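This briefing covers one protein chain, with notes grouped by topic. Please look over the sequence and the model before reading on.

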Amino acid sequence: MILLAVVLAVVIFLAGDSLTPVNVAVDGNPFLRAFGQLGILYIIALFVERSLEVLIKAWRQGGKSRLEEEKVQAAEEGRAAADSKLQEYRAGTQKRALLLGLTFGFMVSLSGVRLLGTIFELGGGTPPLQQAVFQFTDVVLTAGLIGGGSATIHELMALIDDFLKISRRSVKGS
């Protein structure tokens, strides 16, 4: 993972302005742009989740089925060991799915679909190192959101929506 982060940082620093994010067509209010971008990330996360489901099932289903069958056929004293093997296999599958999801998230984020770059605009006078750090952070954050799945993005959208509703009520009450 550290090697991946270093390689990613070097790519972003060397590519500079060619790694510009794809912007949502909502101008003006940064909250609306963030909501629009979160909606796009939510849809992408759904695609990534479904792709992962298919890939993981094709890759790991045979081993899972074999271990489940061993558990069923095991005698009472061997059932705990078989169950332990099955749980270990499932944990390995979850780990692989998370790493593959993060990899897909990095690929999507490097292709230009990002969150922070659509909300914040760096001026022309921003130092190149600061721009590279910002882009690196944007890529990593977006990859994590996509890799974390659609539920994470949905919760974030609900949190922002609740905040906006509370803000509107307090403005109307003033």
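Glutamate 53 and arginine 50 form a salt bridge in this predicted model, with 3.0 Å between the closest N and O atoms. The two residues are about one helical turn apart, because they sit three residues from each other in helix H2 (residues 30-73). The structure has five salt bridges, and the protein chain has six helices and zero strands.

**Overall fold**

- Along the sequence, the pattern of the protein chain reads α-α-α-α-α-α.
- The protein chain has 174 residues, and 32% of them are buried.
- Among contacts in the protein chain with a separation of 6 or more, 77% are between residues 24 or more positions apart.

**Further salt bridges**

- Glutamate 70 pairs with arginine 66 in a salt bridge whose closest N and O atoms are 3.1 Å apart.
- Both glutamate 70 and arginine 66 belong to helix H2, where four residues, about one turn of the helix, separate them.
- Glutamate 70 has a relative accessible area of 31% and is therefore partly exposed.
- Arginine 66 has a relative accessibility of 47%, so this residue also counts as partly exposed, the limits of that class being 20% and 50%.
- Lysine 71 forms a salt bridge with aspartate 83, and their closest N and O atoms are 3.0 Å apart.
- This pair connects distant parts of the chain, with lysine 71 in helix H2 and aspartate 83 in helix H3, 12 residues apart.
- Lysine 71 is partly exposed because its relative accessible area is 26%.
- Aspartate 83, at 27% relative accessibility, is partly exposed as well.

**Nonpolar core**

- The largest nonpolar core has 17 residues, and those touching the most other members are Leu38, Leu41, Ile44, Val48, Leu115, Ile146 and Ile153.
- At least two residues of this core come from each of H2, H3, helix H5 (128-148) and helix H6 (150-173).
- H2 provides the largest share of the core, with seven residues.
- With residues up to four places away in sequence left out, isoleucine 146 touches Leu41, Ile44, Ala45, Val48, Gly105 and Val108.

**Packing of H3 against H5**

- Two packed helices are described by the angle between their axes and by the distance between those axes.
- For H3 and H5, the axes come within 7 Å and cross at roughly 135 degrees.
- H3 and H5 are therefore oblique to each other, since angles count as roughly antiparallel when over 145 degrees and as roughly perpendicular from 65 to 115.
- The crossing of H3 and H5 is right-handed.
- On the H3 side, the contact is made by Leu98, Gly101, Leu102, Gly105, Phe106, Val108, Ser109 and Leu110.
- On the H5 side, the contact residues are Asp138, Val139, Val140, Thr142, Ala143, Gly144, Ile146 and Gly147.

**Threonine 93**

- Threonine 93 is a residue of helix H3 (residues 76-110).
- Is threonine 93 buried or exposed? Threonine 93 is buried, because its relative accessible area is 15%, and buried means under 20%.
- Apart from its neighbours within four places in sequence, threonine 93 contacts Ile56 and Arg60.

Technical notes: Residues numbered from 1 in each chain as written. Predicted model: local features only at pLDDT ≥ 70, side-chain atom pairs only at ≥ 80, totals over all residues. Heavy atoms only, no water. Buried < 20%, exposed > 50% of the residue type's maximum accessible area, 1.4 Å probe, protein only. Contact = heavy atoms within 4.5 Å. Salt bridge = Lys/Arg side-chain N within 4 Å of Asp/Glu carboxyl O. Core = buried A, V, L, I, M, F, W, Y, C linked by side-chain atoms within 4.5 Å. Axes fitted to C-alpha atoms, helices over the stretch in contact; angles between N-to-C directions. Parallel < 35°, antiparallel > 145°, perpendicular 65-115°, else oblique. Left-handed = near helix turned anticlockwise from the far one by under 90°.
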